[in-house]
Amino acid sequence: MPYLGGEDAVRELRRALSNPNVQSDQLRYRNTILKVIRSMSQGMDVSGLFSEMVKACATVDIVQKKLVYVFLCSYAALNPELSLLVINTLRKDCQDPNPMVRSLALRNMTNLRLSTLVEYVEQPLTAGLRDRAACVRRVAVLGWAKLHNLQPDSEIDASVVNELYSLLRDPDPVVMVNCLRALEEILKEEGGVAINKPITHHLLNRLKECDVWGQCEVLRVLQRYRPQSEDELFDILSLLDTSLVSPHPPVMAATFSLFLHLCSALPTVSQAALERVRGPLLAACGSASREMRFAALCHIQLLLRSLPGLMGAHYKRFFCGYAEPAYIKQRKMQILVELVNDENVVMLLDELKGYCTDVNTDTAQAAICAIGRIGRSYSDKCLEILTGLLGLKQDHITSAVVQTMRDLVWMCPQCSDTVCVALEGCEDTLQDSQGRQALLWLLGVYGERISSAPYTLEVFIDSVRSEASVGVKMELLTSAMRLFLCRPAETQDMLGRLLHYCIEEETDMCVRDQALLYYRLLHCGIEETRTVLQGRRSDPSLGVLIGRPAEPVSQWASCFNTLEPLKQVAMETESSSRGSPEHMTFDPKPSTDLSDTLSCSQVVEGHPDSDGVAQSTDSSAAVPPPFSLSSSPALSPEQFECLWLQRQAVHAERDPDGADEEEGFTSLVDHVWCPAVPHCLPQSLQAAMQLLNIQTLAFTPPHTLPWRVYLYTHTQNTQSANTPRCSLILGELLYTGRDGEMKKEEEEEEGGDEATGEGKKRKEGKVKVTLKQRPRDEEALRGFLSILTSVLHTLSSERE
């Protein structure tokens, strides 16, 4: 037979299947069918043998039946008419005395996936639910879910649903779990299977009979149940106590997630549960499976957000192994940074120092970045290590060290003297653009302390024609201007050459425009230039970040035992590949009052508003749906502008206060009374927004009219664990004082009660909030508006 020979091979297989001599020999007949399946798995089109294979399914040989059913299920959609011939054989097999044959026939009857055969399948499935063999009941229960998936618009008979509910008490645990899965699929539009007190206690009592994945399914469904009393709650927790320390990580994670849902109002119990799961999580970190280790590390990072010292005594468990993949090493280093204290800092720094020379460049740079983050609290020890690494004269190590030093002096300006001394001569080793950009920033800001700064800068200026990175050119312009202000005699000539090249010869418009700006700024005078360019050398508002403030468990409870931790902490808070620190955003260290006030679960208390804006204080109506905010993936200003203006014409034609928009896109306009917000510092506004993962793109200076802020965030509605909804929200905050829009509103209401002095005062303090969302999710949009309102009210009260 030709190898993958197409028509010749199919013709030869057909002759063999039709040969009476082959059919009379059971072994030869089975081997011929096996050749057909092998050809099918190798990519050959053997759909022409469908009629011969239909005849072959009428046999008592179970192995041959399985092979034939694999073929028929694969090609049934291509031969719907001939598939009717199979139904008779399958229905006959459903009455076979052998339970294995009955279950096999039921499974393949539903796997044919033909809507024309549904009427022939329902009766065998109904009979299968009452079959005496557990393996048949297992297949029949899942068969109804497949049937509903095949025709989702059709209604399932109520008697079938009742039968499935009754099978929740089946003596076979697999049948019980399959019933849960089938009811979840069939009743998806109604919220899934109804969980009441009898069902809950029945499932909990039989939890140990299920396998690992069955236990996870039961525990996931039980998250919908809310105990009716505190005694019942603690009875449930007692039943779950052994599962909380299960040797199987999936069971432990599902149990702990259920603990967090049940104990949301009992923080003491939640803290005790955190202590209990420490051992199983540490054991999962030593699993032979790399995927299991990575997931355990990500979930440990979640726990450390509420209990920073939870793993402090076990820091050696997070030392990296030589053969571990890079993504696990980097995640372990992030955890080690969280576990640093006065007792273990020397040992941890020695360990991280060894990773700095790893053969994987990403791992080495991550270790250097980790040392830099520890340097915010232990600067002397870390600077000694970083300075020693510069002596290795390796490109990727030198680049990472220079970037880390730049970030370190921005957060800890007391380190600047040591950094300035260490930078001498490192420019020869730098090859990548990020490292050169960091070095240029340091030369521009601390040029008066670095003796060789003008000569180093001159080397960059002489080679600017061969420079490919636009970021390096723009940083070179800024550094040359800053160095000119403090050392004009040494820098004047090279600055003139650089400006001439960038204005006359440079093809990139960003570089050319920046050079023109600086050229015109010099014409205005040295003092004006100094005012613009002599910027900050450190972060004045956020201070030194030492560790991470403890977060309430409720802030991340909904993410536990999901894929969210793997995505949320996939990148460190501060990436090593960035531009100048002035243009960076750092995670603020919030005060306890601010973090409590801006909690997403808090009800926003409305202010009296002349517009009659609905701002209810009723907790039952104001609590937003469960969702999370994220500032990643990042949105560039160009992308923001494109999305913002995309529906501008549509917005102008509709009611400005309505949220009715085209399908997949919605907008919302509201007014918030917060008179002091337009006068607060931009750093305070940005820090408060970033605390809740709301990214600000641009804002006007305070005391400026009109005052605007543009922001965005990504929402993920976690109300449905199976299909979480994600959306992008763009926002604009607008304050015009008594001009423009507010003035028109006052003219419309002239003569009314709002014309009083108090009403005018409130008008002046109103900030217009415009939100645009894609795709449409009105619950998340309203919830985000309440969070944003809470932020503005908090900032306004602190300002006042």
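**Notebook: helix packing and aromatic pairs**

I began with the contact between two helices. Phe234, Leu237, Asp241 and Leu244 of helix 14 touch Val269, Ala273 and Arg276 of helix 16. By class, the residues of this contact are five nonpolar, no polar and two charged. I note that this is a predicted model.

Next I looked up the geometry. Helix 14 covers residues 230-244 and helix 16 covers residues 267-276. Their axes lie 12 Å apart, at an angle of about 15°. Angles under 35 degrees count as roughly parallel, so I record helix 14 and helix 16 as roughly parallel to each other. The crossing of the two is right-handed.

I then turned to helix 17, residues 278-285. Which of its residues are buried? I listed Pro280, Leu281, Leu282, Ala284 and Cys285. What do the buried residues of helix 17 pack against? Their partners are helix 14, helix 15 (249-262), helix 16 and helix 18 (290-304).

**Aromatic pairs**

I searched the whole structure for aromatic pairs and got 10. I took Trp410 and Trp441 from these. Their ring centres are 6.3 Å apart and their planes stand at 75°. Planes over 60 degrees apart count as edge-to-face, so that is how I logged this pair. Trp410 sits in helix 23 (residues 395-411), while Trp441 sits in helix 25 (residues 433-445). The pair therefore ties together parts that are 31 residues apart in sequence. Are these two residues buried or exposed? Both Trp410 and Trp441 are buried.

Trp556 and Phe560 were my next pair. Here the centre-to-centre distance is 6.3 Å and the planes are 50° apart, a tilted arrangement. Trp556 has 0% relative accessibility and counts as buried. Phe560 has 2% and counts as buried too. The cut-off for buried is under 20%.

I also noted one aromatic cluster, formed by Phe50, Phe71 and Tyr75.

**A loop residue**

Last, I looked up Lys316. Where does Lys316 lie? I found Lys316 in the loop between helix 18 and helix 19 (326-338). Its relative accessible area is 52%, so I marked Lys316 as exposed.

Conventions:
Residues are numbered from 1 along each chain as its sequence is written. This is a predicted model: local features need pLDDT of at least 70, side-chain atom pairs count only at pLDDT 80 or more; totals for chains, interfaces and linings use all residues. Side-chain values use heavy atoms; hydrogens and water are left out. Axes are lines fitted to C-alpha atoms, for helices over the stretch in contact, and angles run from 0 to 180 degrees between N-to-C directions. Helices (H or I, at least four residues) and strands (E, at least two) are DSSP runs, numbered from the N terminus. Angles under 35 degrees count as roughly parallel, over 145 as roughly antiparallel, 65 to 115 as roughly perpendicular and the rest as oblique. A crossing is left-handed if the near helix is turned anticlockwise from the far one by less than a right angle, and right-handed if clockwise. Contact means heavy atoms within 4.5 Å. Ala, Val, Leu, Ile, Met, Phe, Trp, Tyr, Cys and Pro count as nonpolar, Asp, Glu, Lys and Arg as charged, and the others, Gly among them, as polar. Buried means under 20% relative accessible area, exposed over 50%, partly exposed in between (1.4 Å probe, protein chains only). Rings of Phe, Tyr and Trp (its six-membered ring) pair if their centres lie within 6.5 Å; planes under 30 degrees apart count as stacked, over 60 as edge-to-face and the rest as tilted.
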